[in-house]
Amino acid sequence: MTDTLIASVQAGFEAKYCYAPTGVWSAPGRVNLIGEHTDYNEGFVFPFAINRHTFAAISLRSDSVARVSSSFSDVVHEADVTAIARDAAHDWAAYPFGAAWAIQEMANSLLKEFEATGFDCYIESDVPVGAGLSSSAAIECSVALALNDLWSVGLDRRQLARVGQMGENVIVGAPTGIMDQSASLLGETDHAVFLDCRSLEAQSIELGFAAEGLELLIIDTKVAHRLVDGGYAARRAACEAGAAALGATSLRDVTVADLGRAKELLDDVTYRRVRHVVTENQRVLDTVKALQATGPRSIGKLLYASHESMRDDFEISVDELDTAVETALRHGAIGARMTGGGFGGAAIALTPIEKIGEVSLSVLAEFEALGYAKPDIFAVSAAQGAKREI
Ligand code: GLA
């Protein structure tokens, strides 16, 4: 599969630009096991890189023109590499342009002499778009890794994660945290990334799903979510307002023991937003502990508690996600929750292998009975992070 995609992205590049690319870089999407909307609150997250990737074929040019194109649209987007700015006309190309802009920002502040040259870039991806599996971070990270190599900037993977996030915040205009890019860059096979989003300290924790006869199913509801829409920013603003009202620099500094005081000080909605983040941070710590002490079969309840908190307190679930979660649990999944930013996208269901058929068929049947769009259901495994392929 990987070899076919590499050959295909090379051929795509040659067809568009009439010469061969210098190399091909890949970066995976990610699924978040637990720790939702905690990253921009300087909290904990526990995602892993998945075996779905974006491939970017790239060559530098001798002028300052940056061109990006892809297998999913006929348009070639063009910009002056030294003057990339937020512009709706960039459409999806705002992700690669954002990475190119942010890496220059960082290079200019770190290196004495740095001059970016233009580049040609062609992209192919098998990360589903709009499913909450970070197709955008996969684009950003593949391009950031490539330009870091080709421009000889020398940034490490943590700095590259920040590059991806900056590009998304400033050039795309989505106020997202650092989780997705960290997972895409720091992932390891069969391991999840336990990330402290305050210190950016990351630890690889073995998942051991296969050894326990488990698979992680993705149930993509096909309800498209977009992080540039208002809901994500509104949640972030509520968290910041809640932290300020409690005299904290971020919700990372608020603990479960502080919730009583928070309830007295905050209005009901802000309090519930705060309670989600505070209890979710604790659930991440509990999940890592349970996984290490007693293995993956012991994390099911925590996954579902996370879902309930997002549904009731953070209010970012939708009927399709709730149905996917409840149906999967009724038919044998040991834990399930919505994953990613919310308002659509995918649910995950940690499922014993012998129950995969029953869970999948039941979810399909339930969605059909309720008149929902047909969901896409597939298993993912924890894969290695971004790398140069050829
Ligand atoms: C999106 C953002 C992340 C994170 C999640 C919610 O994926 O890109 O930074 O905030 O939503 O956990």
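Reply: C239 is buried, for its relative accessible area is 1% (buried means under 20%, exposed over 50%, partly exposed in between, with a 1.4 Å probe and protein chains only). The model is predicted, so local features need pLDDT of at least 70 and side-chain atom pairs pLDDT of 80 or more, while totals for chains, interfaces and linings use all residues. Residues are numbered from 1 along each chain, and side-chain values use heavy atoms, without hydrogens or water.

A disulfide is a pair of cysteine sulfur atoms within 2.5 Å, and the count for this model is 0. C141, for one, is in no disulfide, since the nearest cysteine sulfur, that of C121, is 13 Å away. C141 is also buried, at a relative accessible area of 1%. C239 likewise takes part in no disulfide; here the nearest cysteine sulfur belongs to C197 and is 13 Å away.

A polar atom of the S70 side chain lies 3.2 Å from the backbone nitrogen of F72, which falls under the limit for a polar contact (a pair of N or O atoms within 3.5 Å). Q104 is buried too, at 8% relative accessibility. From Q104 to V170 there are 66 residues in sequence, and their C-alpha atoms are 13 Å apart in space.

Now to the ligand itself. The residues that surround the ligand number 13, and the closest are E36, H37, D39, D180 and Y232; a residue is taken as near when one of its heavy atoms lies within 4 Å. The ligand lies between domain 1 (2-206 + 383-388) and domain 2 (210-380), because both domains give residues to the shell around it. These domain bounds come from an automatic or database assignment.

In R30, an N or O atom of the side chain is 2.9 Å from a ligand oxygen atom. For D180, the distance from a polar side-chain atom to an oxygen atom of the ligand is 2.5 Å. Y232 also has a polar side-chain atom 2.5 Å from a ligand oxygen atom. Taken alone, the ligand would expose 310 Å², and the protein buries 98% of that area (areas come from the Shrake-Rupley method with a 1.4 Å probe).

Notes
A polar contact is a pair of N or O atoms within 3.5 Å; within protein, one must be able to donate a hydrogen and the other to accept it, and residues adjacent in sequence count only if both atoms are side-chain atoms.
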